[in-house]
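Biologist: Please display the model, and let us then discuss it by question and answer.

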Amino acid sequence: MRQYNKEVIYGIYNDEEILLQAVRKAKSAHMEIMDVYTPFPVHGLDHAMGLSESRLHQAGFIYGALGTLTAFLGMSWIFTQDWPTIFGGKPYWPVPSFIPITFELTVLFAAWGMTITFYTICGLWPGVSNPQLDLRTTDDKFCLAFDKDEVSEDEAKAFFQSTGAEEVNSKNI
Amino acid sequence: MAGGYVAPVRRPLVEGHKSYHQITEDLCSPTERTPSRAWIIAFTLSVAVLAFGLFCIVWTIWMGTGSWNLNRTIGWGYDITNFVWWIGIGHAGTLISAILMLFRQRWRTGVNRAAEAMTIFAVICAALFPVIHVGRVWVVYYFFPYPNTRGSLWPNFNSPLLWDVFAISTYFSVSLLFWYTGLVPDFATLRNRASGLRKKIYNTLSFGWTGSAKHWQRWESLSLVLAGLSTPLVLSVHTIVSFDFATSVIPGWHTTIFPPYFVAGAIFSGFAMVQTLMIITRKILKLEEYITLEHIESMNKVILVTGTIVGVAYLTELFIAWYSGYVYEQFAFFNRAMGIYWWSYFGMMACNVISPQIFWVKKYRRSIFVTFFMSIFVNIGMWFERFVIIATTLARDYLPSSWSYYYPTWVEIGIFVGTIGLFFTLYMIFTRVAPVVAIAEVKHILKVGGDQYIGENRTHTSHQAHESHSEAHSENH
């Protein structure tokens, strides 16, 4: 189990609409949100929290371009430099018949590259146990957490009280 | 069905006034119960069939491909027929998960998980055939370009068969990534309900997923791009499979209509297989409120459209063969419809073109009974289509002295039946290990696609609360 040694205070909400209102309120009150845990992707949550856009798709483009180059340059090198062969009277450098494999490797590199990057930057991998504040956040509860170093306990409690949290708990993770 | 977020003209995608917790319960419980008697019997049967298939595979490898009824002219028979058939079946999974995701079709959430699983299992079954057919299975890695001590001697990158190797392996691995990334949050849900060894296993499978907002944001970004990549990928795969035939100079194969015609046929047969699986699954796992009649009707519409496209393609082929004025092409098609394999052409036409027209009638589109039988018909028809294209063409080639009649040996039939056993074995293990319906995605569409509206400060627990609240809400509009 990973340890961050953080004192965390968190509130549990039972609906994403209430959670979104709470997040917006925390944001306007300039309270530093540590993290929000939800059972499914809540649209608008990243904007409400002020998270920056994911750049994963840009990484995907680079991986894809790498695949295109690998396939096209690789086949070109093999058929013109390494072992030039005539197949069925076609030229040594038959560009149209490189298209299918070039396309497939573009997709292959982009998909694998992005997926591996995704799991790596999220710190997700087989055997990893990330600390969880509440087990019900993968079921039907929505959790908003503050780091106690950033937000005082009293302030957090008052906040959760006013935004309709069902429960308020503290935990060291 | 009052106001709220629910568009009045649309029927709900999730029935039964579900709460988030109820969804978790309904979709997790099939993996937590001890297996039912029906499951055990069906599983045993599948494994037995698979075992016979394995026996036939070992027989082929031991005795050589001479144990199949292939000869000098008929180089392809049951093996490639089954390969193309299985690959085609796989296509519906990617269509549902990727293309319908890009088109923002919310009904996909009810069936995408199982359909993607079907894709992966179908591709496994398909890939088996070319691998065995090479004869010397132990050197099958010769397919791939790698630096070797033969000079280095490379594969022929001009060959559609090599394109196929790249297409199928890319398709399999990208589908697997897409499917597994969708499964990770659901495995976390299962993990948090489990204890002991089960918890440990699901903890490994869930990669330590917590549901953090940033992770979800990236997860959605990844899913969207994977969908965008899978969409042209799935179209390319069957296009390349059709190139195996279309780039040859055999009359009846050498046609430009093959790529779109193969892709339409693939989606057609794939949706039929999804229907077969879903109708059984929703009944046995009691998921009728998640995989609703709406889903079945939507898929029947796809079957009707693609079946009709395939029908138009058959007729176009006949017309072009006649119009070309090319006597070999004309003979190939005359022979297909009227020759020694007339029965398979007739089966293809009846199952693929004529029978799906029943789905113009709404009553039949929404009938479970009709849909189930139609789904079987369509898959038989699509199998005939592949057989028609391959066997009829090769049995009557340019040289009448090599004309013959191809029929499979028991070994070939055994391997085909064995892959059906393999497919169902894998699918049944899947229903025990993972949620058959994507939990997080169904929760995500619940408020826009469910049959209830849950407003602010209202816990979504009771039916009455829903009724009174939605009435109050509709007055506001």
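Biologist: Over how many bridges do strand β1 and strand β3 of chain A pair?

Modeller: This is a predicted model, in which local features need pLDDT of at least 70, side-chain atom pairs count only at pLDDT 80 or more, and totals for chains, interfaces and linings use all residues. Residues are numbered from 1 along each chain as its sequence is written, while chains are lettered from A and ligands numbered from 1 in the order in which they are written. Strands (E, at least two residues) and helices (H or I, at least four) are DSSP runs numbered from the N terminus, and two strands pair if DSSP finds at least two bridges between them. V8(A) stands opposite D147(A) of β3(A), and β1 (residues 7-13) pairs with β3 (residues 142-147) of chain A in the antiparallel sense over 6 bridges.

Biologist: Which helix packs on the sheet, touching β1, β2 and β3 of chain A, and at what angle to β3(A)?

Modeller: Contact requires C-beta atoms, placed from the backbone, to lie within 7 Å. Axes are lines fitted to C-alpha atoms, for helices over the stretch in contact, with angles from 0 to 180 degrees between N-to-C directions. Another helix, α5 (residues 153-163) of chain A, lies across β1, β3 and β4 at about 5° to β1(A). The helix that touches β1, β2 and β3 of chain A is α1 (residues 16-28), and its direction makes with that of β3(A) an angle of about 20°.

Biologist: Which strands of chain A stand at the edges of the sheet, and why is one side of each left without a neighbour?

Modeller: In chain A, 4 strands form an open, antiparallel sheet in the order β2-β3-β1-β4. Each edge strand has a single partner strand, so one side of each lacks a neighbour in the sheet; the edge strands are β2 (33-37) and β4 (167-172) of chain A.

Biologist: What is the bridge partner of Y37(A) in β3(A)?

Modeller: β2(A) and β3(A) run antiparallel and are joined by 4 bridges. Of the 5 residues of β2(A), 4 are buried, that is, they have 20 or more other C-beta atoms within 10 Å of their own, against 12 or fewer for exposed and values in between for partly exposed, with C-beta atoms placed from the backbone. In β3(A), the partner of Y37(A) is C143(A).

Biologist: Which residue of chain B is in contact with G60(A)?

Modeller: G60(A) belongs to helix α3 of chain A and counts as buried because 24 C-beta neighbours lie inside 10 Å. G60(A) and A110(A) are 50 residues apart in sequence, yet their C-alpha atoms are 5.0 Å apart. Leaving aside neighbours within four places in sequence, G60(A) is in contact with A110(A), G113(A), M114(A) and, from chain B, V225(B).

Biologist: Which element gives the largest share of the side of chain A that touches chain B?

Modeller: In total, 58 residues of chain A are in contact with 53 residues of chain B. Elements giving two or more residues to that side of chain A are α1, β2, α2 (45-49), α3 (56-82) and α4 (99-122). The largest share, 15 residues, comes from α4(A).

Biologist: What radius of gyration does chain B have, and with what value for a compact globule does this agree?

Modeller: The secondary structure of chain B comes to 16 helices and 0 strands. The radius is taken over C-alpha atoms, and the globule rule is 2.2 Å times the number of residues to the power 0.38. For 477 residues a compact globule would have a radius near 23 Å, which agrees with that of chain B, 24 Å.

Terms used: Two residues are in contact if their C-beta atoms, placed from the backbone, lie within 7 Å.
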